[in-house]
Amino acid sequence: MSEVTYALRDVKRARYAVATVFCVHGAVTGSFATRVPWIQDHAGVSAGQLGLALAFPAIGASVAMPLAGGVSHRFGARTALRGLLALWTLALVLPSLAPNLLTLCAVLFVYGATAGMSDVAMNALGVEVETRLDKSIMSGLHGMWSVGALIGSAGGTLAAHLGADARVHHLLAAAVLTTAGFIACRWVLDLRPAEDEEAPPRFALPPKSALLIGAVGFCAVFAEGASLDWSAVYLRDVLDTSAGLAAACTTAFTLTMAVARIAGDAVVDRFGAVRTVRVSGVVATLGALLVVAAPNPAVAMAGFGLLGLGIAVVVPLAFAAAGRSGPNPSQAIAGVATITYTSGLIAPSAIGTVADLTSLVVSFGLVTALTCGLMVFAGVLRGADRTPTTAAKAQDAPVSPTK
């Protein structure tokens, strides 16, 4: 991207704009997740068929994310994000319209593809703002995504409680979120490629640097996916708790992650990315060990809380490190995002498979082993730390960006 100098006030405004974009992105996910039962009934699919269909968002995202860099190069970062985010918010309408399994799989593929490309675009801009401010903001941005998911979930829960048709609910939600995203994108940085910068290939494999960084993200997202999808089942089946208490464990895990991400930037600025992730790995491993050894629900819930606290900042720091790992931030971020999406895709089924062969306790022993990897391989996230020279990019005297 071309070196455009922005006034510090413009960069600060861009930070809040990108934070709003993250919130909008998360709200789409929350709005969809709460209406999955309605969508299942409308499409007339069984639980097994629904499980198959729900794999398609991750497949679509993995296929489409490498394309995001080319879109940003051709149209500029601001226009690309505005368009990709609008496609994502509007795609919320599609799943509730699907009348059968085939169409549901197809629309969820599109849903995931738009999610993935907009995800790459907003993370690339988030890394650029972080670099220009010379302070950690990526953890907070991902915290805003969690806030958006909670807002979307709350709206969806209310709609479901009122018995609202998901087609109407999602149409209204899409209209609101598309408008909010369009307005927010007005103030993000308008970065464009330099005149002599070659366009990235239309589809490129992740660079080697992204593979190592993505491996750390893989460990964190695997633990996240396992905890989100299996924590309630673990408390119910292993520790014989009530359904209400089991569900509360999942909610507590989600809230712990959201709070930790919002507060995480101050910790990263003080201790650095590598030290933060190593300590986070210790906390997450302690939490996983508590889950495995829990004699009662209270200890298990404390363990899941520590797991959420430990893994919360890892993925934001992985995106930050990827964005500084080479000359093409979007391509590196797409590579890391693809690996993490893949981890989120396979984690729930892997935990279930191991549980069928052995037990859920053994499954979370696997999670414990992966959280240990955060301590061992944290050094690859060294690129997430900023250098003082990057602050020079944000000057008090503004220069108009390329139009």
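Modeller: The expected span of a helix is 1.5 Å times one less than its number of residues. The model here is predicted.

Biologist: How far apart are the end C-alpha atoms of helix α7 (residues 101-133)?
Modeller: Helix α7 has 33 residues. At 1.5 Å a residue, α7 should span 48 Å. The model agrees with that, since the end C-alpha atoms are apart by 47 Å.

Biologist: Which residue caps the N-terminal end of α7?
Modeller: Look for a side-chain oxygen by the backbone nitrogen of L102. Such an oxygen lies 3.3 Å from that nitrogen. The capping residue is N100.

Biologist: Which residue follows α7, and what is its phi?
Modeller: The residue after α7 is D134. Its phi is positive, near 55°.

Biologist: How many of the 33 residues of α7 are buried?
Modeller: Buried means under 20% relative accessible area. The rest of the structure largely encloses α7, because the buried residues number 27.

Biologist: Is V24 buried or exposed?
Modeller: V24 sits in helix α1 (residues 8-33). Its relative accessibility is 5%. The cut-off for buried is under 20%. So V24 counts as buried.

Biologist: How far apart in space are V24 and L85, C-alpha to C-alpha?
Modeller: In sequence, 61 residues separate V24 and L85.

Biologist: Which helix gives the most to the lining of the largest pocket?
Modeller: The largest pocket has a volume of about 1900 Å³. Its lining counts 49 residues. Seven of the lining residues come from the top contributor, helix α11 (residues 243-271).

Key. Residues numbered from 1 in each chain as written. Predicted model: local features only at pLDDT ≥ 70, side-chain atom pairs only at ≥ 80, totals over all residues. Heavy atoms only, no water. Helix = DSSP H or I, 4+ residues; strand = E, 2+ residues; numbered from the N terminus. Buried < 20%, exposed > 50% of the residue type's maximum accessible area, 1.4 Å probe, protein only. Polar contact = N/O pair within 3.5 Å; in protein donor to acceptor, adjacent residues only side chain to side chain. 1 Å grid on protein atoms, 1.4 Å probe; cavity = no way out; pocket = protein on both sides within 12 Å on 5 of 7 lines; lining within 4 Å. Points joined across faces, edges and corners; volume = space filled by probe spheres on them.
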